[in-house]
Amino acid sequence: MNLRSGSVVLRPIRHRDKGIWTALRNRNIEWLAPWEASNPDPDGYLPTYHQMVRTLTAQARAGLALPFLITEQQPGSRDARLVGQLTVSSITWGSALSATLGYWVDADRAGRGIAPTAVALATDYCFDELGLHRMEINIRPENRPSLRVVEKLRFRDEGLRPRYLHIAGQWADHRSFALTAEDVPHGLLASWLENRPPRG
């Protein structure tokens, strides 16, 4: 399943993407390092690429996650450039119908509307196709580029979560942002494209 708006395409992550994914991550080490999840267990470790893909794929099959790569594909071109990753996780059914969304984008492509478009695509899919009711995004207060994404999309600021996640070696505060389906009756992507400021 691919989701597309203009040149931005979300597609499932695959084992064979390891080379291009690793190269992109290595090129963005300094850009991403302050926001990287870490293991609070001193003897623990983070999963390898293939372990990550296996886990995300299993969660997707169980209806608990949607793991995507963010790519750019120009009209008429068969080639798509990897520019980031987006994962919808912690999908909860029953009376909650909620999920959490996380993303990162290549520093060279930041500020071009790619991340907001990707978030809007995934959120609309979750609301319209899966029938979810609430989407949540948690962001470090110091992560200004990521905060701009939720500001552009008009996610509601629901406050600070002290020491919420283990990031870059320590328990870190996060601000929690959310939208419900009622907030975007005509779709988040349509709202974003209608209100998106012109570039230039």
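**View A. Glu-36, a partly exposed residue with a relative accessible area of 30%, and its salt-bridge partner Arg-25.** Partly exposed here sits between buried (under 20% relative accessible area) and exposed (over 50%), using a 1.4 Å probe and protein chains only. This is a predicted model: local features need pLDDT of at least 70, side-chain atom pairs count only at pLDDT 80 or more, and totals for chains, interfaces and linings use all residues. Residues are numbered from 1 along each chain as its sequence is written, and side-chain values use heavy atoms, with hydrogens and water left out. The closest N and O atoms of Glu-36 and Arg-25 are 2.3 Å apart. Glu-36 lies in the loop between helix 2 (29-32) and helix 3 (49-61), while Arg-25 belongs to helix 1 (residues 18-27), so the pair ties together parts that are eleven residues apart in sequence. Arg-25 itself is buried, at a relative accessible area of 14%. Helices (H or I, at least four residues) and strands (E, at least two) are DSSP runs, numbered from the N terminus. A salt bridge means a side-chain nitrogen of Lys or Arg within 4 Å of a carboxyl oxygen of Asp or Glu, and the structure holds 15 of them.

**View B. Arg-109 meets Glu-72 in a salt bridge.** The N to O distance is 2.8 Å. Arg-109 sits in the loop between strand 5 (98-105) and helix 4, and Glu-72 in strand 3 (residues 66-72), so this pair ties together parts 37 residues apart in sequence. Both ends are tucked away: Arg-109 counts as buried at 16% relative accessibility, and Glu-72 counts as buried at 10%.

**View C. Arg-148 and Glu-151 pair up within helix 5.** Their side chains form a salt bridge of 3.1 Å, N to O. The two residues are three apart in helix 5 (residues 144-153), about one turn of the helix. Arg-148 is partly exposed, with a relative accessible area of 35%, and Glu-151 is partly exposed too, at 34%.

**View D. A salt-bridge network.** Here Arg-134, Glu-136, Arg-156, Glu-158, Arg-161 and Asp-183 are linked together by salt bridges.

**View E. Helix 4 (residues 114-129) and what comes just after.** Helix 4 has 16 residues and reaches 22 Å from its first C-alpha to its last, close to the expected 22 Å; the expected span is 1.5 Å times one less than the number of residues. Just after helix 4, Gly-131 takes a positive phi of about 80°.
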